[in-house]
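I opened my notebook to go through this structure site by site. These entries keep to what I looked up, in the order I looked it up.

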Amino acid sequence: MNKFKLISIFLSVSILLAFVVFVGWKLIPSPVPIEEVFPGKVWAKTVAQLPDLQGVGAPRAENCGKCHSEIYKEWKTSTHSQALSDLQFQAELSKTSSPKWICLNCHIPVQNQRENIVVSLNHGDYFQPIEIPNPGFDPVMQKEAVTCATCHVRVDAKGASYVIGANGKTSPPHPVKIDANALRNRCYDCHNETYELNESLVCSFQTGGELAEASKHFSEKTCVNCHLPSVQRSFVIPALNKPKRESHKHAFIGGGVPKKFELYKEQIPGGYKPGLVLVGWEKKDSEIIVRIQNQNAGHYLPSADPERHLKLELVWLDKNRKEVAKDKLRYGQDWEWSPKAKKVADNRLKPKEIRDWKVKIANEEAVSVVLRVYHVRLTNSTSDYVEKYTIGAPKEFEDKIKELKKHYPHSSLVLESEYNLKSKKVFNTTIGDLFKLNETRRGE
Ligand code: HEC
Ligand code: HEC
Ligand code: HEC
Ligand code: HEC
Ligand code: HEC
């Protein structure tokens, strides 16, 4: 046998051995605790299993609603209560590239809501959660997504459930501990996280940090000040005879794009206010200046999901109200998703920031100009893709995902104003009229 043959046999055997050892190592389970892989990350774990709450029973929203009926009704209309049935969420969850258990930790965060409990990660790999069945699984509570207990119910050292409140001097039939800060700061656990799981999976919500940066401009220092507006009312149903107190609306209205078309009518009563305000129109020689401001959002506009953006349009009309020209502008983030997720641009408005949009008057024929601002949450091109390529979502969602544009609001028209170039008169459409129109709009 010559020398070369020997070397090549030796090499082949070594490679084979290395392969067998590698595969063997992968096959031998090697659990690593979750907190070792994600130290200090609240979202890496569920809220501990909650036993029945004294005076209430199962800590379901449905049960809280028997006494806190108005708060329950408001919460039912919120994005929080739709965080699992959300069609886009279901579409993304069905991708094999989704580390489902992590997604669910923020979208259905209480252990009672989980069929299986993730106890550790095999080889520390978040795509290999080691799971055991949850004997305390509550399928009704699962559907409630970001349910009351997410923020309000915890288990004490003796293993009993209690409610976290912010008031005191109340007389509930269930145990309460007052910890206003814990309750008000709970938002940050899910709305202020930037984490790169791998090259293409990033989660990037910096709403909390943006608020901290801007807080000198605002008397509203917390998320609660704007997103849970105060109302004087009893906390509970009239039959319980409790006094009126300072209560808070629980509709958690945000950018004005609800999860279902029938929820448009709940936006304004729930407390919706566009962040963007038109400060004024100005005509200067052959130019129009549209002055706009992020007047109402305590954070960037828009905040949160990187796909959100504001689409601004100027439509020039002739004397017959026929469109003669159009200008466009986009405020948002720009991300590259492959080969590596990376933010490449960001022109969002900071809190209280004013911008002037200067545009040349389109042409001689134009007699007036209409400004329209859309808050876009989902673009048509993303939803085209989702409609076409989503497979394996649960049956109850699958058919709707295939016709996403028909079932899922993508955007809302949040501002409309017309300026007459001659008379300089301004006509603003009311927010009520805009939201009636939004109910009938489809797509981006
Ligand atoms: C059987 C009726 C009933 C049920 C069910 C019930 N509550 Fe209450 N809760 C009350 C009453 C009564 C008060 C006190 C109202 C008052 O004194 O003005 C109260 C007070 C509260 C407070 C305010 C405490 C404070 O001082 O800040 C919170 C928060 C609260 N409940 C949350 C919940 C949650 C969450 C659930 C469901 C897990 C729930 N409640 C279920 C009757 C109920
Ligand atoms: C740290 C908590 C957290 C984790 C983990 C998380 N989400 Fe979310 N998710 C949020 C928050 C907060 C929002 C609301 C953002 C907004 O309204 O713009 C959200 C919104 C969404 C939306 C709606 C987007 C929109 O524009 O309204 C989808 C879809 C979604 N998440 C999918 C996922 C998927 C898939 C995963 C797992 C890969 C995941 N999320 C993991 C917190 C989380
Ligand atoms: C356990 C995680 C979690 C916590 C805690 C949490 N949220 Fe959310 N929030 C979410 C998720 C997930 C969504 C988006 C659901 C979706 O789009 O499907 C969301 C959506 C919202 C929206 C709606 C945005 C829109 O335009 O639709 C607002 C507003 C909001 N949250 C405010 C708050 C505030 C204020 C607090 C604290 C009092 C808070 N959240 C606490 C997870 C959380
Ligand atoms: C995303 C977190 C979150 C969720 C979900 C949530 N709450 Fe609250 N809730 C709060 C915060 C924060 C406050 C305190 C506001 C303050 O006083 O600053 C509050 C206050 C309350 C109060 C005291 C009265 C008031 O209006 O201020 C009651 C009662 C209450 N919540 C019941 C409920 C019930 C019932 C549900 C479910 C249907 C629910 N909450 C869901 C965060 C939440
Ligand atoms: C000074 C008032 C104010 C404060 C404080 C505030 N928000 Fe907002 N938030 C708004 C307004 C107004 C909008 C609607 C913006 C728009 O037109 O899209 C909004 C929108 C949102 C949205 C939807 C994304 C968007 O930009 O529309 C989320 C999510 C949100 N807020 C979460 C939070 C959280 C979490 C906090 C606390 C860290 C917070 N907000 C603090 C006023 C506020």
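**Iron sites and their surroundings**

I began with His191, which I list as partly exposed because its relative accessible area is 40%. The model is a predicted one, and I read every value below with that in mind.

Next I turned to ligand 1, whose iron atom has His68 (NE2) and His174 (NE2) as its protein donors, lying 2.0 Å from it. His68 is in the loop between α3 (61-64) and α4 (69-76) and His174 in the loop between β5 (161-165) and β6 (176-178), so this pair ties together parts that are 106 residues apart in sequence. Here too I wrote down octahedral, because the 6 donor atoms around the iron atom of ligand 1 subtend angles of 86 to 178 degrees.

**Shell of ligand 5**

I looked up which residues surround ligand 5 and got 25, the closest being Cys223, Cys226, His227, Gly275 and His299. A nitrogen atom of ligand 5 lies 2.7 Å from a polar side-chain atom of His227, and for His299 I found a polar side-chain atom 2.8 Å from a nitrogen atom of the ligand. Ser303 makes its contact through the backbone, with an N or O atom 2.7 Å from an oxygen atom of ligand 5. The elements that give two or more residues to this shell are α10, α11 (207-214) and α12 (223-227). By class I recorded 9 nonpolar, 13 polar and 3 charged residues around ligand 5.

**Shell of ligand 4**

For ligand 4 I found 21 surrounding residues, and Cys148, Cys151, His152, Arg184 and His250 are the closest. Oxygen atoms of ligand 4 lie 2.5 Å from a polar side-chain atom of Arg184 and 2.5 Å from a polar side-chain atom of Ser247. The side chain of His250 has an N or O atom 2.9 Å from a nitrogen atom of ligand 4. Two or more residues of the shell come from each of α4, α8 (148-152), α9 (180-185) and β10 (245-248). The shell around ligand 4 holds 12 nonpolar, 8 polar and 1 charged residues.

I traced an open sheet of 3 strands in the order β1-β2-β3, with antiparallel pairing. Its edge strands are β1 (31-32) and β3 (129-133), each of which pairs on one side only. I counted 2 bridges joining β1 to β2 (residues 116-122), and the partner of Pro31 in β2 is Asn122.

Last, I checked Thr390, found in the loop between α14 (380-389) and α15 (395-402). Thr390 counts as buried, because its relative accessibility is 14% and the cut-off is under 20%. A polar atom of the Thr390 side chain lies 2.7 Å from the backbone oxygen of Val386.

Methods: Residues are numbered from 1 along each chain as its sequence is written. Chains are lettered from A and ligands numbered from 1 in the order in which they are written. This is a predicted model: local features need pLDDT of at least 70, side-chain atom pairs count only at pLDDT 80 or more; totals for chains, interfaces and linings use all residues. Side-chain values use heavy atoms; hydrogens and water are left out. Donors are N, O and S atoms within 2.8 Å of the metal (3.2 Å for Na, K and Ca); water is not among the atoms, so sites may look incomplete. Four donors count as tetrahedral if all angles lie between 85 and 135 degrees; four count as square planar and six as octahedral if opposite donors are over 155 degrees apart and all others between 65 and 115; anything else is irregular. Helices (H or I, at least four residues) and strands (E, at least two) are DSSP runs, numbered from the N terminus. Two strands pair if DSSP finds at least two bridges between them. Buried means under 20% relative accessible area, exposed over 50%, partly exposed in between (1.4 Å probe, protein chains only). A residue is near a molecule or strand if one of its heavy atoms lies within 4 Å of it. A polar contact is a pair of N or O atoms within 3.5 Å; within protein, one must be able to donate a hydrogen and the other to accept it, and residues adjacent in sequence count only if both atoms are side-chain atoms. Ala, Val, Leu, Ile, Met, Phe, Trp, Tyr, Cys and Pro count as nonpolar, Asp, Glu, Lys and Arg as charged, and the others, Gly among them, as polar.
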